[in-house]
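Okay, everyone, let's get started. Could you put the model up on the screen, please?

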Amino acid sequence: MDHGDHVALIRGGAEGAGPQWLELGAGDGAFTLALADVLGGGAITALDLDRRALTALAARLAARFPATRVATFTGDFTRGLPPGPFEGVLAANSLHFVRDPVPVLRAIHRVLRPGGRLVVVEYDADRGNPWVPHPISFARWRTMAPLGGFASPRLLHRIPSRFLGSIYAAATERISDSSVLHSGPHGDDREE
Ligand SMILES: C[S@@+](CC[C@H](N)C(=O)[O-])C[C@H]1O[C@@H](n2cnc3c(N)ncnc32)[C@H](O)[C@@H]1O
């Protein structure tokens with residue numbers, strides 16, 4: 001995939017959401033560059049475990065999209081997120097490192113403005129491998145996102161991949177606080 005593919009995947013989700021974004025598992029910035037391109041400015045907080053990758057990301061952004069403000073944050077997105085509020089969150093090829101992404105979704109919900117956008121890029125598969133341990137098919141993502149307080153995701157774009165079939169991007173919006181977000185583990189959720 002090249003920059004054009006990255007932009008094509010996320011454009012429909014990033015456009016119109018607002019300028020303040022958080023990216024989870026940004027790596028060295030392939031999708032950060034695409035996001036900056038779509039936003040035409042904006043402010044992106046890029047979070048990753050890998051400090052070196054984030055240093056590379058910041059240099060790439062500064063060289064190609066100097067109008068975009070970038071803050072890097074070295075950390076584990078399963079253990080807490082920068083406080084926000086953000087208007088959009090992007091997770092490209094990163095949620096599949098988590099066996100159960102629902103607690104991460106609930107944490108994203110807390111840092112997103114009401115109506116804020118969540119854009120996910122994932123392999124459309126439910127069986128992983130050592131490199132992509134827990135892929136999330138679009139069908140499964142549609143049932144999972146509401147457990148974190150999000151609307152039913154819409155498919156933005158799909159690109160065939162020799163690796164695990166295809167890669168897709170989907171967008172969803174944070175919906176209002178509901179009982180499901182303040183209950184215990186999602187297996188125990190119940191309506192109030
Ligand atoms: C496959 S790379 C994807 C990078 C970039 N988003 C892309 O699509 O090109 C996954 C990235 O997620 C990061 N990552 C994985 N688990 C993470 C976690 N729990 N917290 C923060 N970053 C994580 C890795 O360090 C890596 O940089």
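So, helix α1 (residues 3-14) packs against α2 at about 55 degrees, and their axes are 8 Å apart. That angle makes α1 oblique to α2; angles under 35 degrees count as roughly parallel, over 145 as roughly antiparallel, 65 to 115 as roughly perpendicular, and the rest as oblique. By axes I mean lines fitted to C-alpha atoms, for helices over the stretch in contact, with angles running from 0 to 180 degrees between N-to-C directions. The helices are DSSP runs of H or I with at least four residues, strands are runs of E with at least two, and both are numbered from the N terminus.

Before I go on: this is a predicted model, where local features need pLDDT of at least 70 and side-chain atom pairs count only at pLDDT 80 or more, while totals for chains, interfaces and linings use all residues. Residues are numbered from 1 along each chain as its sequence is written, and side-chain values use heavy atoms, leaving out hydrogens and water.

Which residues of α1 meet α2? On the α1 side they include H3, V7 and I10, and on the α2 side they include F31, L35 and V38, where contact means heavy atoms within 4.5 Å. The residues of this α1 and α2 contact divide into eleven nonpolar, two polar and two charged. Here Ala, Val, Leu, Ile, Met, Phe, Trp, Tyr, Cys and Pro count as nonpolar, Asp, Glu, Lys and Arg as charged, and the others, Gly among them, as polar.

Next pair. Helix α2 (residues 30-39) and helix α3 (residues 51-64) have axes that come within 10 Å and cross at roughly 30 degrees, so these two are roughly parallel to each other. A30, T32, L33 and A36 in α2 meet L57, R60, L61 and R64 in α3. That contact splits into five nonpolar, one polar and two charged residues.

Now the ligand. It has 15 residues around it, the closest being G25, D48, D76, F77 and A92; to be included, a residue needs a heavy atom within 4 Å. A polar backbone atom of G25 sits 2.8 Å from a ligand nitrogen, and a polar side-chain atom of D76 is also 2.8 Å from a nitrogen atom of the ligand. For L49, a polar backbone atom is 3.3 Å from a ligand nitrogen.

Last, two backbone details. The peptide bond from G84 to P85 is cis, with omega near 5 degrees, and P85 is in the loop between β3 (69-74) and β4 (86-92). Then there's N93, a residue other than glycine with a positive phi, near 55 degrees; look for N93 in the loop between β4 and α4 (102-111).

Notes:
Polar contact = N/O pair within 3.5 Å; in protein donor to acceptor, adjacent residues only side chain to side chain.
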